[in-house]
Amino acid sequence: MGLSQTLLVYVLVCVHLGVSQHFLRLRPSPSDHLPVPDLKEDPDPEYDPREQDLDERTLRKKLGSNFDPNFMSISAPMLVNLSTPDNQVKLQGPMPSYIKKIDITETPYGKRIKVGKKARRKFLQWLWTYTHCPVVYTWKDLGVRFWPRYIKEGNCFSERSCSFPEGMSCKPVKSINKIFLRWYCQGFLKQKYCTWIQVQYPIISECKCSC
């Protein structure tokens with residue numbers, strides 16, 4: 001298996017004395033290390049792909065079926081928050097079993113209180129909404145040394161605590177990998193060799209309320 005198939009995006013290129021590039025390993029796990037931090041790039045344009053290296057037809061062929069328009073964009077999209085406002089979050093799927101099993105009729109003192117089915121259902125629905133941790137998606141510019149240049153990156157909603165009482169927060173529990181092309185250079189400025197290689201970029205796909 002060649003380097004272009006095995007190199008991950010968290011083995012990234014950084015500058016060394018302005019003349020060569022080396023790998024910086026950014027661990028994708030544990031998951032709370034996501035999303036991937038902004039990359040430290042050599043600002044020297046000599047390490048940028050040239051116009052002839054950015055031919056869309058050639059790059060599409062090189063990326064093949066890995067091109068995912070749901071998470072990638074060649075041209076600049078509107079770089080805005082793509083999430084639904086928290087008070088309009090649409091909960092998907094069945095209510096989690098750990099919420100269904102909550103007995104709201106029992107008090108800490110052993111006494112029981114009467115709660116109607118409708119009131120119980122509304123309370124559990126509120127609790128589910130309150131503790132729900134949506135993934136907030138935002139378009140991010142990876143720079144000219146990635147193709148496609150723009151990625152729809154996931155973050156865990158973090159504007160408030162997700163627990164009742166407060167204290168817990170939304171954290172990543174799952175991620176998916178999307179394959180991009182990375183412009184990679186080896187050697188010194190006048191003797192360097194540059195080419196596009198495939199790299200995997202991890203994207204948060206699920207968040208949960210956690211300590």
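Author: What follows is a set of questions and answers on a predicted model.

Reader: Which pattern do the helices and strands follow along the sequence?

Author: The chain holds four helices and eight strands. Read along the sequence, these elements give α-β-β-α-β-α-α-β-β-β-β-β.

Reader: What share of the contacts with a separation of 6 or more comes from residues 24 or more positions apart?

Author: The chain has 211 residues, and buried ones make up 35% of them. For contacts with a separation of 6 or more, the share from residues 24 or more positions apart is 69%.

Reader: Which are the edge strands of the open sheet of three strands?

Author: The strand order is β5-β7-β8, and the pairing is antiparallel. An edge strand pairs on one side only. That applies to β5 (146–147) and β8 (193–210).

Reader: How many bridges join β7 and β8?

Author: Strand β7 spans residues 169–186 and pairs with β8 in the antiparallel sense.

Reader: At what angle to β7 does helix α2 run?

Author: Helix α2 covers residues 56–63. It lies across β5, β7 and β8. Its angle to β7 is about 125 degrees.

Reader: Which parts of the chain does the salt bridge between Lys192 and Glu46 tie together?

Author: The closest N and O atoms of Lys192 and Glu46 are 3.6 Å apart. That is within the 4 Å cut-off for a salt bridge. The two residues are 146 positions apart in sequence, so the pair ties together the loop between β7 and β8 and the loop between β2 (20–25) and α2.

Reader: Is Lys192 buried or partly exposed?

Author: Buried means under 20% relative accessible area, and exposed means over 50%. Lys192 has 23%, so this residue is partly exposed.

Reader: What is the relative accessible area of Asp53?

Author: Asp53 forms a salt bridge with Arg50, with the closest N and O atoms 3.1 Å apart. Asp53 is buried. Its relative accessible area is 14%.

Reader: How far apart are the C-alpha atoms of Tyr150 and Ile74?

Author: Tyr150 lies in strand β6 (residues 150–156). At 10% relative accessibility, Tyr150 counts as buried. Tyr150 and Ile74 are 76 residues apart along the chain, and their C-alpha atoms are separated by 6.4 Å.

Reader: Which residues make the nonpolar surface patch of about 330 Å²?

Author: One member is found in helix α4 (residues 117–131), namely Phe123. At 32% relative accessibility, Phe123 is partly exposed. The patch is made by Phe123, Trp126 and Phe164.

Definitions and conventions: Residues numbered from 1 in each chain as written. Predicted model: local features only at pLDDT ≥ 70, side-chain atom pairs only at ≥ 80, totals over all residues. Heavy atoms only, no water. Pairing = 2+ DSSP bridges. Contact = heavy atoms within 4.5 Å. Axes fitted to C-alpha atoms, helices over the stretch in contact; angles between N-to-C directions. Patch = residues over 30% accessible without salt bridge, like charges linked within 9 Å, V, L, I, M, F, W, Y side chains within 5 Å. Areas by Shrake-Rupley, 256 points an atom, 1.4 Å probe, with all protein chains shown as cover. Salt bridge = Lys/Arg side-chain N within 4 Å of Asp/Glu carboxyl O. Buried < 20%, exposed > 50% of the residue type's maximum accessible area, 1.4 Å probe, protein only.
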